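Trainee: Can we go through this one together? I would like to start with a helix and then move on to the rings.

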Amino acid sequence: MITAALIGNPNVGKTTLFNLLTGSNQHVGNWPGVTVEKKEGFISENVKLVDLPGIYAMDTYSNEEKISKAFLESGDVDLILNIVDASNLQRNLYLTMQLKEFNKPIVLILNMVDVAESKGVKIDYDKLSKLLNVLVVPIIAAKGKGVDKLEELLAKGDFLETYNDNNSHYYNILHFKSEAETYKYIEEILSQCLTYTSENTTTISEKLDKIFINKFLAYPIFLAIIYFIFQFTFSWVGQPLADLLDRGVNDWLVPHIQMVLSGTSNWFKSFIVDGIIGGVGSVIVFLPVILTLFLCISFLEDSGYMARVAFLMDKIIRKMGLSGKAFIPLIIGFGCSVPGVMSTRTLESEKDRKMTALLVPLMSCNARLPVYLIIAGALFKGHESIVVASLYALGIIVAFLVGILFKNTIFKKDDEPFIIELPEYKLPEVKSLAIHTWEKGKGFLRKAGTIIFSVSIIVWVLSNFNFSGMTEINSSFIAAIGKFISPIFIPLGFASWQNTVALLTGIMAKEVVVGTMGVIYGGNLTKVLPTVFTPLSAISFLVFVLLYTPCISLIATMKKEYGGKMAIFSVIYQLVLAWIVSFIVFNGGSLILRIF
């Protein structure tokens, strides 16, 4: 069995190549002791492929670099597959030079050779192979070109001995005194291997960047794109499909189930209809919205535009004492706070990592979306997109203000330099978009089938029983718990025990807030909620949902990444923050309404 390590810089097509080589025959987990993702797959029965994290160098500053170095130093690696961007060899080959020091046979995979050609760059593959003493294979991963030759080569494996000459003169001159010397040596090699068919060739990406990161147009374009995403998700595609699914559940499924269960006991009928369908069904109807939103986000990521957004946000983020790189975990936080906090490990400084991890949960994750949609749909019909967009914006504003506060109090340290690579623009592949979108949808369904299902049952039991047995909901366990805690929400305008219980169960997972309401209030929430909330108290409630304590999974991740004290601090500060902001929203709104 040959074990091959796939390694390269970020944005060189490594993930695309890994998926092409391994197909569905892959396993995803975490590296031991850390939360960095580990991918393994099989190219054939005899070749195992390990996808190492994307890194620029082997300087062991980040977890990703430490993991890669430790794995390559182990005896488990027989071959290194070093994928590089053929249009940017000078920068990419710096890592290649460091990989040579591990004395392993290397296959240098030149990806995006079509982009190099479009820039007027012609590469002499044979000469490059000879000078570097590695096997060179040109491919275009996005189009699948050249990948079959690579697979055939790896299946044979007879080149390993040829390119395993550890006594080559190359190793004797490899220990350069400085990074500058290394790059000078790379320039000498490339001067012999590259020829330029045209001068001053302007690429499509360079032309597009004159528009998308133009100092006058960049921010209006960014806002326009965000507006389009919200309209596409909440007005044109996602929400209409969710409405259809909601009608299917409430107008067809529920009556059908009630008819089937007509001969059963009332408690069993209530358990199925109110407990399971009322809880899980209230959440599952939002799957189309979540899939649509993540389709848009995946498109921006795969197209290369998201890196431009990080570049644009650097000046703003830096006012909080963070580098532009911190914008990436914050953006990920809009999907889910857990990977957002995990991705803070890629930031260079301890200050940036901790501070960003505390701000990520303030980004409105997709788990909160069902809560926004059901309440906005019930009380602000026709204006859902404005309400939801305002909540997303509020999360960003609050994070910005909290970041400034942290910068001047508990995180008083110098700013870090900001360096980010702007990848080539490309039109995302439909298959890749479908995979990314479905992965998010699958995670949502998995949560609905486990956490939300379990909590819905627990809530139903607590809502229908007390120490005397089965009872009305107002005398149940859950009513007693809610009534004990609810007074703290009186100044916020939503002090009913039902709302309090929904917030408590929401700590398990934010989607559970809707599931709990579905169980406690019963019936169609769209019709029930206008009798529970006023427009102002509904906004106050949504603001609290936006900002209060993250889910159990996030708390556990925070503890694992940064320790128990920081996890506790995160929980407490977000509870206090949510209460204060909701108080300001409700009482400030009440004052304005009285004046006008």
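**Helix faces and ring pairs**

Mentor: In H21, the buried residues are Ile478, Ala479 and Gly482. Buried means under 20% relative accessible area, exposed over 50%, and partly exposed in between, with a 1.4 Å probe and protein chains only.

Trainee: Where do the buried residues of H21 fall, seen down the axis?

Mentor: They fall within an arc of 100 degrees, so they line one face of the helix. The arc is taken from the directions from the helix axis to the C-beta atoms.

Trainee: What kind of model is this?

Mentor: The model is predicted: local features need pLDDT of at least 70, side-chain atom pairs count only at pLDDT 80 or more, and totals for chains, interfaces and linings use all residues. Residues are numbered from 1 along each chain as its sequence is written, and side-chain values use heavy atoms, with hydrogens and water left out.

Trainee: Ok, rings. How many aromatic pairs are there in the whole structure?

Mentor: A search finds 22 aromatic pairs. Rings of Phe, Tyr and Trp (its six-membered ring) pair if their centres lie within 6.5 Å; planes under 30 degrees apart count as stacked, over 60 as edge-to-face and the rest as tilted.

Trainee: Which is the pair of phenylalanine 406 and phenylalanine 569, and why?

Mentor: Their ring centres are 6.3 Å apart and their planes at 45 degrees, so the pair is tilted. Phenylalanine 406 is in helix H19 (residues 384-407) and phenylalanine 569 in helix H27 (residues 564-595), 163 residues apart, so to speak distant parts of the chain. Helices (H or I, at least four residues) and strands (E, at least two) are DSSP runs, numbered from the N terminus.

Trainee: Is phenylalanine 406 buried or exposed?

Mentor: Phenylalanine 406 is buried, at a relative accessible area of 5%, whereas phenylalanine 569 is partly exposed, at 36%.

Trainee: And what about phenylalanine 494 and phenylalanine 541?

Mentor: The centres of those rings are 5.2 Å apart and the planes at 90 degrees, so that pair is edge-to-face. Phenylalanine 494 is buried at 2% relative accessibility, and phenylalanine 541 is buried at 0%.

Trainee: Which residues do ring pairs link into a cluster?

Mentor: The cluster holds Phe489, Phe494, Phe533, Phe541, Phe544 and Tyr548.

Trainee: What lies over the face of tyrosine 548?

Mentor: Lysine 510 does, at 4.3 Å from the ring centre. A charge sits over a ring if NZ of Lys or CZ of Arg is within 6 Å of the ring centre and within 35 degrees of the ring normal.
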